[in-house]
Amino acid sequence: MTVSRHLDVVVYGATGFVGRLTAEYLARHLPSGLTVGLAGRSRDKLGAVRSMLPSAAADWPLIIADAEDPGSLASMAAETRVVITTVGPYARYGIPLVQACAEAGTDYVDLTGEVLFQRESIDRFDDVARRTGARIVHACGFDSVPSDLGVHALRRAADADGAGALTDTTFVLTSMRGGVSGGTIDSLRNQIDVVRGDRTARKIAASPYSLSPDRTLEPDHGRQSDVALVDGKSIAPELAGWKAPFAMASVNTRVVRRSSALTDGTYGPRFRYREVMNVGSSIASPVIAGAVAAGLGALVAGLSFRPTRFLLDKVLPAPGEGPSERTRERGYFTVDLFTTTETGARYTARIAADGDPGYKATAVMLGESALSLAVGGSALHAGGGVLTPAVAFGDVLTERLRAAGFEISTRRLP
């Protein structure tokens, strides 16, 4: 759609914790000539947030919008070229905004890690967004940018060498310092509540291809567990010790498989993808990995059972809460991905950044995703639809994140 907009980017949910961090990042790194607005339910709270931002934000307009008022969302979408939303849980609050942006031809980015929300967004609004040209891009934070761009980088490296399509590919969270956000916990609570009472939702959440455009066309690779313990040597001869399940694998793996499907299976017909986390290489690593897996299961079980949920809610972070600036600055993450191509060539990719991955680093990834769309360019995905970060941004976001201090590198292994 060719529509005149007076704003380039709107941060919806700017009074929330990650919303404020994203607005602050934009205020410090906004390219010349772009305009930003702050949106939420309370003008007073928005004004208070704006007053705490760097001086570049002093004149940013304030927009009143509420998930329970579709008209306000439609008006907001019509004013801007790109909407950033941090308002979750997305399954509870997100669909009306997806609809507003899809219908208005407005680009959209979020940081959801909710599979069921993404599936509903695809089913209801992919066709609408394709028709209007709106690029609806979910999972633009720590879930699932490192996963999606990491596999994209591996494919690009293998293509450049003519080494053939990807086969077994594994994401390893090598190191991390940071906390889990209250919004992530609230999203997990919400999805547990939904799947507990809905058999269809349980099947969707459990399917490894739950986000694929046409699940009937996906290859049958047998069981693809997100909770298995993995021997490092089965990933790459260089890796020692057993690896534990990664908490967000059930989201990230499905986003990556959707990327492969949206690019007509260019990752390869034998492409298999999994995610794990490093727990050391000592002889105790199998025990530690098993304990991590048990802990993840216990958290889900605890949130599923009302008495234990009540107790967990006393200690887990609440929505809108986050760590101190000092803690955010001291955080970091390093992800290493390994793949073997159909010709036997082996590659590794590294995605690493300073800053708490769920807060500071996520604000960078979300902000740069929006700026990728706002700045534009022929290297971006040209058409609309419900997309993934790798499909929507690819090399554009990779280069923007490198310029923002991220390491994104690939090399061929001997």
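## Helix α7

Helix α7 is mostly covered, with 13 of its 17 residues buried. This is a predicted model.

The helix covers residues 145-161. How far apart should its ends be? At 1.5 Å a residue, the 17 residues of α7 should span 24 Å. The end C-alpha atoms are 24 Å apart, so the two values agree. Just after α7 comes Gly 162, which takes a positive phi of about 65 degrees.

## The sheet

An open sheet is built from 7 strands. Their order is β3-β2-β1-β4-β5-β6-β13, and the pairing is parallel. Which strands stand at the edges? They are β3 (62-64) and β13 (385-387). Each has a single partner strand, so one side of each is left without a neighbour in the sheet. Neighbouring strands of this sheet are turned by 20 degrees against each other on average, direction ignored.

Strands of a sheet pair through backbone hydrogen bonds, either parallel or antiparallel. Here, β4 (residues 80-85) and β5 (residues 107-110) run parallel, joined by 4 bridges. Opposite Val 82 stands Asp 107 in β5.

## Helices on the sheet

Helix α3 (residues 70-79) packs on the sheet. It touches β1, β2, β3 and β4. The direction of α3 makes about 125 degrees with that of β4.

Helix α1 (residues 17-29) lies across β1 (7-12), β2 (36-40) and β4. Relative to β1, helix α1 runs at about 155 degrees.

Notes: Residues are numbered from 1 along each chain as its sequence is written. This is a predicted model: local features need pLDDT of at least 70, side-chain atom pairs count only at pLDDT 80 or more; totals for chains, interfaces and linings use all residues. Side-chain values use heavy atoms; hydrogens and water are left out. Helices (H or I, at least four residues) and strands (E, at least two) are DSSP runs, numbered from the N terminus. The expected span of a helix is 1.5 Å times one less than its number of residues. Buried means under 20% relative accessible area, exposed over 50%, partly exposed in between (1.4 Å probe, protein chains only). Two strands pair if DSSP finds at least two bridges between them. Axes are lines fitted to C-alpha atoms, for helices over the stretch in contact, and angles run from 0 to 180 degrees between N-to-C directions. Contact means heavy atoms within 4.5 Å.
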